[in-house]
Amino acid sequence: MLSAFAKQQKKKVIFFGDSITQAGVGPTGFITLLQQDLNKAGKSRDFELIGAGIGGNKVYDLYLRLEDDVLSKKPDLVFIYIGINDVWHKRSFGTGTDPDKFEKFYNRIIEKIQAGGAKVVICTPTVIGEKKDFVNELDGDLNKYAEIIRGIAGNKNVELLDLHKATIAYINAHNPDNKSQGILTQDGVHMNETGNRFLADQFAPYIK
């Protein structure tokens, strides 16, 4: 039968986020590492991984470019990984996102992606500073936004990848000198090579 010779369609996986995701497609980025892992496992024909990250983006930026950068590509799976700038930019630029607006935009993004038929996995934000025991300047706000995302996961019945929890656990185990950066990040926010490997390992179980 001719159908037996039809080329198998690759599952399209989109990572939708900010500069951390943008860097994920670099030579040592977490998306590049995931693709290499899939290739080694003989799954290069099964998945196409697409990075849709833009530096400085907040949740409403994702909402505004959702059609062009995600929906038009007809993905099978979308990871939403946003929130760092919604918190960080409040302090640094005065242009963060209020919690109620953050939740509303986030919900609309999920609804639109699901309406297009894709599965959604939402991620809590990692860290802004790597000191332990929640003494980094923005830990209080970041914890609040991570909790909002956990609540959205429950309300919308979507899978949650709790990167915030996993990152804190890693830092607690691997930062004996209580450094503010240099464990998983190069500057307290953006991942170094260890951090990219860590992220790749967190995302991997969801790509199946």
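Asn85 is part of helix α5, which spans residues 84-92. The model is predicted. In this model Asn85 has a relative accessible area of 3% and is therefore classed as buried, since the term applies under 20%. The side chain of Asn85 comes to 2.8 Å from the backbone oxygen of Asn57. When neighbours within four places in sequence are set aside, the residues in contact with Asn85 are Asp18, Gly56, Asn57, Lys58, Lys90 and Gly96.

Strand β3 covers residues 77-81. Five of its five residues are buried, so the strand is largely enclosed by the rest of the structure. In a regular strand, side chains alternate between the two faces of the sheet. In β3, Leu77, Phe79 and Tyr81 lie on one side, and Val78 and Ile80 lie on the other. Both of these faces are covered, as the residues on each side are all buried.

Strand β3 is paired with two strands, β1 and β4. Strand β1 (residues 11-17) runs parallel to β3 and is joined to it by five bridges. Strand β4 (residues 119-123) is also parallel to β3, and five bridges connect these two strands. Val78 takes part in both pairings: Val78 is the bridge partner of Ile14, and Val78 stands opposite Val120 in β4.

Aromatic rings were considered next. A pair of such rings is described by the distance of the centres and the angle of the planes. Twelve aromatic pairs are found when the whole structure is searched. One of them is formed by Phe79 and Tyr206, with 6.3 Å from centre to centre and 85 degrees between the planes, an edge-to-face arrangement. This pair links distant parts of the chain, with Phe79 in strand β3 and Tyr206 in the segment after α9 (193-203), 127 residues apart. Phe79 and Tyr206 are both buried.

A tilted aromatic pair is formed by Tyr81 and Phe203, whose centres are 6.2 Å apart and whose planes are at 55 degrees. Here too distant parts of the chain are linked: Tyr81 belongs to strand β3 and Phe203 to helix α9, 122 residues apart. Both Tyr81 and Phe203 are buried.

Terms used: Residues numbered from 1 in each chain as written. Predicted model: local features only at pLDDT ≥ 70, side-chain atom pairs only at ≥ 80, totals over all residues. Heavy atoms only, no water. Helix = DSSP H or I, 4+ residues; strand = E, 2+ residues; numbered from the N terminus. Buried < 20%, exposed > 50% of the residue type's maximum accessible area, 1.4 Å probe, protein only. Polar contact = N/O pair within 3.5 Å; in protein donor to acceptor, adjacent residues only side chain to side chain. Contact = heavy atoms within 4.5 Å. Pairing = 2+ DSSP bridges. Phe/Tyr/Trp six-rings, centres within 6.5 Å; stacked < 30°, edge-to-face > 60°.
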